Amino acid sequence: MATNKVYFRRNRPGTKAEEWCNWPDEPFEDMESTLAVQQYIQQTIRRDFNNVDEILTAPEGQDEVVWKYEHLRQFCMELNGLAVRLQLECTPKTCPQMTATDQWIFLCAAHKTPKECPAVDYTRHTLDGAACLLNSSKYFPSRVSIKVTSVNRLDSVCRRVYRIFSHAYYHHREIFDAFEESTALCKRFTTFVLKYNLMSKDNLIVPIPGAVDGAVIEAIFQYTKSMKIVSQYMKNLFCINHVISHHNIQRLYSTQTSRTPLTNYVPLIGLEIHAQLSVQNKLFTPVPYRYGAPPNTLLGLHDVAMPGSMPILNRQCLELALIASIGLNCKINLMSRFDRKHYFYADLPAGYQITQYYQPISNNGYLDYIWLRNSSNINQIHPLHTNIIQCINGQYYYHSHARIKCIQIEQDSGKSLHNLQRNCSLIDLNRSDVGLIEIVTEPDFNSSDQTAAFITDLSRLLKYLKCCNSVGAFGELRVDVNVSIGPDLANQNPRVEIKNINTIHGVTSSIDYEIKRQSEILMSGGQINQETRCYDPVNNVTLRMRDKELAQDYRYIPEPNLPAVKLLSTCSLCSSQSSSITTSHSSSIPLSKNHICIQCVKQKYQLDSMNWQMNLPQYKKQKLLLEHELSMDRVIVLIENIELFTLYELTLKYLIENYLHIDKNKQFNELLYAKELSYWICGHLHGIRKKDTLVHFPEVKHLAEFVQMSLVGHIFGSSATELLNLMTLNDEITYHSVYELAEQRDLLLICDVDQIRIQCETLVNDYPELVKQYMIGNKKSLKKLVRHLLSNSKCYNSSKFNPSVVEKILKQLIQPSLSSSETSSLSSSSSSTTTKC
């Protein structure tokens, strides 16, 4: 008689490799264990790990949150395999920081305050933290159903876990490829987070076919790889120059940035910023250029210095240089010329660079910028050309002034990649002849944080003017830093130039390191040589490249193949259109083909209106910080997102016109409206916009009504968030007013003081210990009382009480000596809630 064979679906101790998981598949509906979802996922992976779509397809009727939770557990378990492989070559010495590209340095949250730690430790801490969270009985007590409040924690786990993939891809490619070939784990994880909107696509930097654009990201990988090779190359070159120049042996300096003053000397810093112009074609040839193209595939005759080739100036490059000059308040020269700057590098085919040395396109400009010094740098020297501004709320800001010496148009060179393993250098000339503007500043900075603040505001301005995209990883913004130190500003030692830095972190680290290096040389009795150095982002040091050339070394001569650039301040064409310019669109305004007129360029790009300067990022920043008293974080979100800033500006205007002037109690003011509005726009709306889940922005009048309801107390906390989600994430809901929508969805809160006071009195009698603790100074006890009241809705009938009103009443009951001002404000807020917004 045949009997049904019973399978024990576990791997017993001592199971051989060929017998591992050797049992037939089981239908999901037959799985009765609480671990059924995990077993089903693992079973599907064993069947075919490359079939990502099947693995991520949930069985019919399966709860989506549990499905996401179990997949995340599975990802963390499988990632341990990658972590073990990485330990072979990822050590604190080879990877002292957790990085992906040069744009990404990750701080480890396992410490008391997030800080940098070696990549191998970061990986271990991340996986340990994820395991603790996903196994937490507080947040995930059951594997059958997940609490709604715990769902948002899955996003943060995904972001941190993904960093392990990105580090492995960019720094340990062979290990990553071997692991990915045997598991397809990164492909599955990327598809998973995109399918369930757990990460923004902007943060996915490992190329996956069909999910993340591989061409651009592969180019970033090659760039990062080349930087590692160049770093090693420069170390060897540093040693060679040391021997040839017979320099004294100097020790390597610590790369840690001191939080006390870096030096007793006075530093002086100047900048040369190379911004790649946002045009489709190159500066002197009609050949298109794009970052990440295969090497030596985007070339024209002039790009490779073919004999007989002639340069033809790209008119659009000239226009963008004019716009940048106007934005930086420069004096535009009506006649400028091109010059040849001679130096012999392998990535410069002609042996010279076409630039503007004697007669640049503009000069004598300036940029005013407001910035906030980090509290850890507060002991550093007072910034140059800076005033301190204090807001009404007591916050201090630095208002600095930086002079622009000149702006000149020049061509870019090619790119050299040094391969030490094969003892050769490779040249990619795709970048040759790409149009740049070089922005040269006066030495108006004396610290790394002041310099970083200027570069950040400058890049934001160029991006707003659409002159440059300012993406450092793509080489679109590169900075040469000139650093010197001395006993005072008038007596400085020879300056040292640090070439081609493309990140803010690189700028600050190289300046701090260089100031410290030069200070130690002087203190030991040595002399500082005028030289050119490069920044090593792997070891966070600067390395010697060569002696610094002087102007005569470049042997500047006029460019004979390009005529002088002659500009007109005005012309008949722009004069005839000045009356109708305010109603014309910029693209419809023609420019003369025979000449370039400055006023025509202003009209075409709408730079001649009365208030165009007030729309520039630095002026927006000043207004939001000083007049609206917003925090720096919120201000940056608003000025970097034009749509959010426009929504903020229009809604605030609507609030002032329609609510502030009719408020008889005068309990609200413009600053209060600004802070409440910025809280919701910069927080919730900006967050869902980054996740690509935003369907549409709310109408101005509806957002204004929402803010008024939040201030009055009709909505608060989770009810306010849910209401804003209904206004932005759903196209099918129709409503005449936000109050009506909140009423339909039962989201309105109770703010009646008398009704709430009765329940608060009962609560105070029920919890005398918490009351006693609050009276002796434990402020957390008051929060616990509020939570008790709101969570025990059956006892206190308090599910719809407004928490802020509850807290105020509890304070009044516990401390009878509550100030009369607080009591009156409480009663006024109560009376104001009787009318609809």
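A: In this predicted model, Glu 643 is partly exposed, with a relative accessible area of 45%. Glu 643 pairs with Arg 689 in a salt bridge whose closest N and O atoms are 2.8 Å apart. The two residues link distant parts of the chain, 46 residues apart: Glu 643 belongs to helix H16 (residues 642–660) and Arg 689 to helix H17 (residues 670–690). Arg 689 is partly exposed too, at 27%.

Q: Which residue forms a salt bridge with Glu 319?

A: Side chains of opposite charge can pair when their charged atoms come close. Here the partner of Glu 319 is Arg 315, at 3.3 Å between the closest N and O atoms. Both lie in helix H9 (residues 315–327), 4 residues apart, about one turn of the helix. Glu 319 counts as buried at 4% relative accessibility, whereas Arg 315 is partly exposed at 27%.

Q: Which residues are linked in a network of salt bridges?

A: The network joins Glu 514, Arg 517, Glu 531, Arg 533, Arg 544 and Asp 547. Over the whole structure, the search finds 25 salt bridges.

Q: Where does pLDDT stay under 50?

A: Where pLDDT is low, the predicted coordinates should not be read in detail. One such stretch is residues 223–260, for which the model has 61 contacts beyond four places in sequence. Another is residues 817–837, with 31 contacts beyond near neighbours in sequence.

Notes:
Residues are numbered from 1 along each chain as its sequence is written. This is a predicted model: local features need pLDDT of at least 70, side-chain atom pairs count only at pLDDT 80 or more; totals for chains, interfaces and linings use all residues. Side-chain values use heavy atoms; hydrogens and water are left out. pLDDT is the predictor's confidence in each residue, from 0 to 100. Contact means heavy atoms within 4.5 Å. A salt bridge is a side-chain nitrogen of Lys or Arg within 4 Å of a carboxyl oxygen of Asp or Glu. Buried means under 20% relative accessible area, exposed over 50%, partly exposed in between (1.4 Å probe, protein chains only).
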